[in-house]
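The entries follow the order in which I looked things up.

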Amino acid sequence: MKAIFDGTSVLTGKDGRTLYDQSGYGRPEGEGIRLAPQEALYLLHRQKLDVPGYTFDSLLAEYADQRNFLRSFLVYRDLRERGYVVQTGPHDFRVFRRGEKPGTGESLYLVRVLSERDPVRFTKLIEEVVTSRNMRKQYVLAVVDDEEELTYYEIKLQKLADASVHAPPIAKAESVLVGRSAMIRVPLQSDLERAGFGKRLDDERLMLAPVELLYLMDCGVLKAKRDGAFISTADYFAYASESDPELAAKEKVYAELRRHDFTPRTGYKFGHHFRVYCGKNVHSDLLVHAIEKEAVMPISVVSRSVRMAHSVKKKMLFGCVHTTGIQFVEFARIKL
């Protein structure tokens, strides 16, 4: 099938309409169709198209100056080889359900293409996921690494459900600061421990981490003394923040998880802020990392986080802090 390259895109004659009608290539224009660069190259590579004066190599060279074109073509080719009908926009690609195409079906995925060195800008990411959700589509990141291998991640905005087990009530008490932590004298199996707070120093003493202490102080359950005098929540926060610049985000995400009766514990061994117990399970269910909404994070860091979470059979969530509350963003590797 012959087509012409007009310097921007490739156009076919009326015989090209069969490509659109049967396989969803291009967009109708006049009697023929206009092909996006990725579509034209793919058809040329599969020897289903003939563009006089151009080979696959020379047409690829024409498009190569377009920003991020090669990675975009690699993702397009991969999706087509997997049996999907793919069209450009509104992010990078719209991907239809297998067996469906424009005019006879609806797209299932909205795909954004990144390289392994690209940053994830969480503000933009959340906006795009919201747009996809409003369109009733699944939002997918397609990441192309330096060896041109592809990894797909499904991104969801999670609204946390309340835990199936409610924390027991906690009696009011006093504690003493020991560095940034707090020490409280309570018997074994105290109400604090049964509610998932603290780590035993010995049979008489329980140690509380800064996020735990801040939460309990804010709830009016616990007071803390420093140098023999009670310290306010604001003063303690200022003191603890001096050695932990992430404390503000961690404290807000911790409090939100507690509001749902989840039990957050340190996630240091997993490389994240919290491991989170959501019910009766002996093992934690989530890994959660607290970030500011404006955070920018390399996709390679996200990839390591998802791989770690998957290896220990947990979900990977980033808790984004902003003025309207906490938005939890889940990353999950998927096979399309």
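I count a residue as exposed when its relative accessible area is over 50%, as buried when the area is under 20%, and as partly exposed in between. The model I am reading is predicted.

**Salt bridges**

I searched for salt bridges and the count came to 16. I started with Arg259 and Glu256, whose side chains meet at 3.1 Å, N to O. Both residues belong to helix α9 (residues 247-259) and lie three residues apart, about one turn of the helix. An α-helix has 3.6 residues a turn, so residues three or four places apart point the same way. I then looked up accessibility for the two partners. Arg259 is exposed because its relative accessibility is 54%, while Glu256 counts as buried at 18%.

Next I looked at Lys250 and Asp244, a salt bridge with the closest N and O atoms 2.8 Å apart. Lys250 has 16% relative accessibility and counts as buried. Asp244 is buried too, with a relative accessible area of 11%.

I also noted the salt bridge between Asp92 and Arg112, at 3.4 Å from N to O. Asp92 is in the loop between β5 (86-88) and β6 (93-96) and Arg112 is in strand β7 (residues 107-115), so this pair ties together parts 20 residues apart in sequence. Asp92 is partly exposed at 23% relative accessibility, whereas Arg112 counts as buried at 17%.

I found Arg185, Asp202, Glu204 and Arg205 linked in a network of salt bridges.

**Aromatic pairs**

I searched the whole structure for aromatic pairs and got 15. Phe56 and Phe73 form a tilted pair, with 6.0 Å between centres and 50° between the planes. I placed Phe56 in helix α3 (residues 56-63) and Phe73 in helix α4 (residues 69-81), 17 residues apart, so the pair links distant parts of the chain. Phe73 counts as buried, at 3% relative accessibility.

The pair of Phe122 and Phe331 is edge-to-face, 6.1 Å centre to centre with 70° between the planes. Phe122 is in helix α5 (residues 122-134) and Phe331 is in strand β22 (residues 325-334), 209 residues apart. Both Phe122 and Phe331 are buried.

I also recorded a cluster in which ring pairs link Phe5, Tyr54, Tyr63 and Phe69.

**Charges over rings**

I found the charged end of Lys225 over the ring of Phe230, 5.0 Å from its centre. Arg226 lies over the face of Tyr239, at 3.9 Å from the ring centre.

**Cysteines**

I looked for disulfides and the count was zero. Cys219 is partly exposed, with a relative accessible area of 42%. For Cys320 the closest cysteine sulfur is again in Cys278, at 17 Å, too far for a bond. Cys320 is buried, with a relative accessible area of 0%.

**Helix α10**

I closed with helix α10 (residues 299-311), which has 13 residues and reaches 18 Å from first C-alpha to last, close to the 18 Å expected. Which of its residues are buried? I listed Ile299, Val302, Ser305, Val306 and Ala309. Seen down the axis of α10, these buried residues fall within an arc of 115°, so they line one face of the helix. On the other side of α10, I found Arg304, Arg307 and Ser311 exposed. After α10 comes Lys313, with a positive phi near 60°.

Conventions
Residues numbered from 1 in each chain as written. Predicted model: local features only at pLDDT ≥ 70, side-chain atom pairs only at ≥ 80, totals over all residues. Heavy atoms only, no water. Helix = DSSP H or I, 4+ residues; strand = E, 2+ residues; numbered from the N terminus. Expected span 1.5 Å × (residues − 1). Buried < 20%, exposed > 50% of the residue type's maximum accessible area, 1.4 Å probe, protein only. Arc of directions from axis to C-beta. Phe/Tyr/Trp six-rings, centres within 6.5 Å; stacked < 30°, edge-to-face > 60°. Lys NZ or Arg CZ within 6 Å of the ring centre and 35° of its normal. Disulfide = S-S within 2.5 Å. Salt bridge = Lys/Arg side-chain N within 4 Å of Asp/Glu carboxyl O.
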